[in-house]
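Here are my notes on the two-chain model you asked about. Have a look at the picture first, then read on.

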Amino acid sequence: MAKQPKDKNQEPETTGHEWDGIQEYNNPLPRWWVWIFYATIIWGIWYTIAYPAWPMIQDATSGYKGWSTRANVEQAIQEHEAANAEINEKLTSVELASISEDPELMAYSRSAGEAVFETWCAQCHGSGAAGAKGYPNLLDNAWLWGGSMEAIHTTVKHGIRNEEDPDARYSQMPAFGDILDEQQIDQVVNYVMSMSGEPRDAEAAAAGEEVFVNNCAACHMEDGTGDQFQGAPNLTDAIWLYGGDYETLTETVTNSRFGVMPPWDERLSDAEIRAVSAYVHQLGGGQ
Amino acid sequence: MSTTDPDTAPSLYAAREPVFPKKVTGHFRNLKWVIMIVTLGIYYVTPWIRWDRGPNLPDQAVLVDLANRRFFFFWIEIWPHEFYFIAGLLVMAGLGLFLFTSALGRVWCGYACPQTVWTDLFILVERWIEGDRNARLRLHRQKKLDFRKARLRSTKWLVWLLIAVATGGAWVFYFTDAPTLLVDLFTLDAHPVAYTTIAILTGTTFFFGGFAREQICIYACPWPRIQAAMMDEDTLTVGYREWRGEPRKHSEEVKNGAEQGDCIDCMACVNVCPMGIDIRDGQQLECITCALCIDACDDVMAKIGKPRGLIDYMALTDEERERSGKPPKPIIKHILRPRTVLYTSLWALVGAGLIFALFIRPEIDMTVAAVRNPTYITLADGTIRNTYEVRLRNKHGEARPFRLTVKGHPAVRVTLEGTPYQTVEVPADTMLNQRVYLQAPPGSAPAKDERTDVRLWVEDISTGDRAYEDTFFNGKAN
């Protein structure tokens, strides 16, 4: 923004700097510009005093304002909990079955329950709740211990076959490898496969019916439809927790299975357990 | 190597030289008054225009509803997923600036830029209260703060402040119901964000219009630099006919006996310049082409009986033509060039596209996100189920029943989460998230095939409006 000289023959003003014969025209900055520059330096010094800045041996100076991201997170969590206190109170005070009838509670449970699920449940049941071998798929309509809101809530709260909670759901299938001989196991496996519409060896299956009635029907019922009070799976449906092929079933019958789930009331609040139960219940298989 | 002599080094920082633009009359000044009244009028009045949209929607004609993520513009309502309309408008604004800059140079800066318009308004107030250029200069040079100077200064600042508050105040009215907010502002019930916004805009308006003025254009604004890339030798800009004006009256040449040109060196062009420059030095970065110097010079030329246009809108090509004695190109030839025609066509094309898109957009809308975690699940009876997160948008002012159906394969059936029906009611002006299941019975083709194309239809059963989205159904392929 150098002003042009009044006289065209006069040389324009330069800064007086010269590098290898190249001169620089003087384009003076506004005075206030340099004040702002000084002001930023002063502000910068204040900032290093006010906020964590200077690295020391163990950590950095903490700053007189005592600001820390950790404290901010704690405060943010407290604020959110305070903001949710009212609806959490409502969630824990209503009947379990009536949660799904309240659109507000349901909307809250969907998002809060999903957050709980993704944090605590997804490790075993998968982020999409589709489960894995040995970890039940929560999207389908087959339930070991029941798919009602009440049943899901009890399962989440107390867990399954764990040592910590005396109210945990508990059942144990014997390892039939110690009880039956290999031929009997072969027969009963073939019988179970025929029940669910995947026949393999008709002769062995026919022989296996007697083995089944004598050994398995107490829990799995004579028709193989299972018993949710004992957590005994339905063997006639299309769903297998560990697999429905001959080898896997033989292994299951021989060695038994012992899937466990921790009790969550030790780690989650009552409202969180209800929210995640409602979330699981509305995933598509709730009864 | 570098050599600097510290004794002769000039100051690298300069204090601002205050500018006291003189009052001017003329065609361009009149045009600028009209533009000022129109632009400020639009800005201050728009939030107060009412527009009836029915019981559940705001009745403000122009409203940026950030809380509900809606933009209302008279009969148009833009939802977040239609942000491409805003993007399209920004593209049009960009092309419009290209067009105007390539044809008329910094015409935006000189006439329509808020910085120019508000500075103009502030200078007008300054002139009313403190008098014209000479009176203001005297007041500025008067060191002693007597009663008169204190009274004039404080009156001026008070009026500026009122304008600044009104400016900041008008801004917040665009974001919420204006009459309600106005009452809330006075009863101190408005949201702190409203007060903060008004305070910030009041401060910037007061400071930028009253004190920073031309320095914003020179030091803060990137536009002068960008514009240089968009101007060419045919672009009309404000220039001085040096070949006609020089040698000017008080120059060395005239003193030495040369014949004087048309410029009588009256400094009228310099005195009216809001940027504080001398247009006779040629094109400069500071010049916002406000054309006030043209008005000032034309006035003088009329008085001394010379033709108008010593300072005038002209292009670089005109200089060569005029120096060689030819008449300048007509204005229309400067404006109608392949480049400007191209910009206009592109601008119109985008505009036509937006209007077309506006007319064909449906009143109901659906997006389907297939849940692929997992890709499918098997139910107890062997049925294969796929899950979809469906967003149903009802842009009407009342609740509407939406029915979902599926086409693609007769075996695929649709069910909705949480309801045994295929119909769900979407509240007024809302988007509803609805989980939708598609199921194929065991043994059917879609249950066994890897993938079956399906089309989800949503129908507003109260009007028969329909919309669809294509997706696919994953089967148990093995």
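This is a predicted model: local features need pLDDT of at least 70, side-chain atom pairs count only at pLDDT 80 or more; totals for chains, interfaces and linings use all residues.

1. Let's start where the chains meet. Chain B brings 32 residues to the contact and chain A brings 29 residues. On the chain B side, the elements that give two or more residues are strand 1 (2-3), strand 2 (13-14), helix 9 (214-220) and strand 9 (377-378). Helix 9 of chain B has the largest share of that side, with three residues.

2. What sort of residues does chain B put against chain A, by class? There are 15 nonpolar, eleven polar and six charged residues on that side.

3. The two chains also pair strand to strand. Strand 3 (residues 29-30) of chain A runs parallel to strand 2 of chain B, and two bridges link the pair. To find the spot, look for Pro30(A), which sits opposite Ala14(B) in strand 2 of chain B.

4. Now for the inside. In soluble globular proteins, nonpolar side chains tend to be buried together. Here the largest nonpolar core has 51 residues, and Ala275(A) and Val276(A) touch the most other members.

5. Setting aside neighbours within four places in sequence, Val276(A) is in contact with Gly113(A), Val116(A), Phe117(A), Cys121(A) and Val156(A).

6. Last, a sheet in chain B. Three strands make an open, antiparallel sheet in the order 3-4-5. Why do strand 3 (62-65) and strand 5 (76-78) of chain B each have one side without a neighbour in the sheet? They stand at the edges with a single partner strand each, so one side of each is left without a neighbour there. From one strand to the next, the twist averages 10 degrees.

7. Zoom in on one pair from that sheet: strand 4 (residues 70-73) and strand 5 of chain B are antiparallel and share three bridges. Within this pair, Phe71(B) has Ile78(B) in strand 5 of chain B as a bridge partner.

Definitions and conventions: Residues are numbered from 1 along each chain as its sequence is written. Chains are lettered from A and ligands numbered from 1 in the order in which they are written. Two residues are in contact if their C-beta atoms, placed from the backbone, lie within 7 Å. Helices (H or I, at least four residues) and strands (E, at least two) are DSSP runs, numbered from the N terminus. Ala, Val, Leu, Ile, Met, Phe, Trp, Tyr, Cys and Pro count as nonpolar, Asp, Glu, Lys and Arg as charged, and the others, Gly among them, as polar. Two strands pair if DSSP finds at least two bridges between them. A nonpolar core is a set of buried Ala, Val, Leu, Ile, Met, Phe, Trp, Tyr and Cys residues joined through C-beta atoms within 7 Å. A residue is buried if 20 or more other C-beta atoms lie within 10 Å of its own, exposed if 12 or fewer, and partly exposed in between; C-beta atoms are placed from the backbone. Axes are lines fitted to C-alpha atoms, for helices over the stretch in contact, and angles run from 0 to 180 degrees between N-to-C directions.
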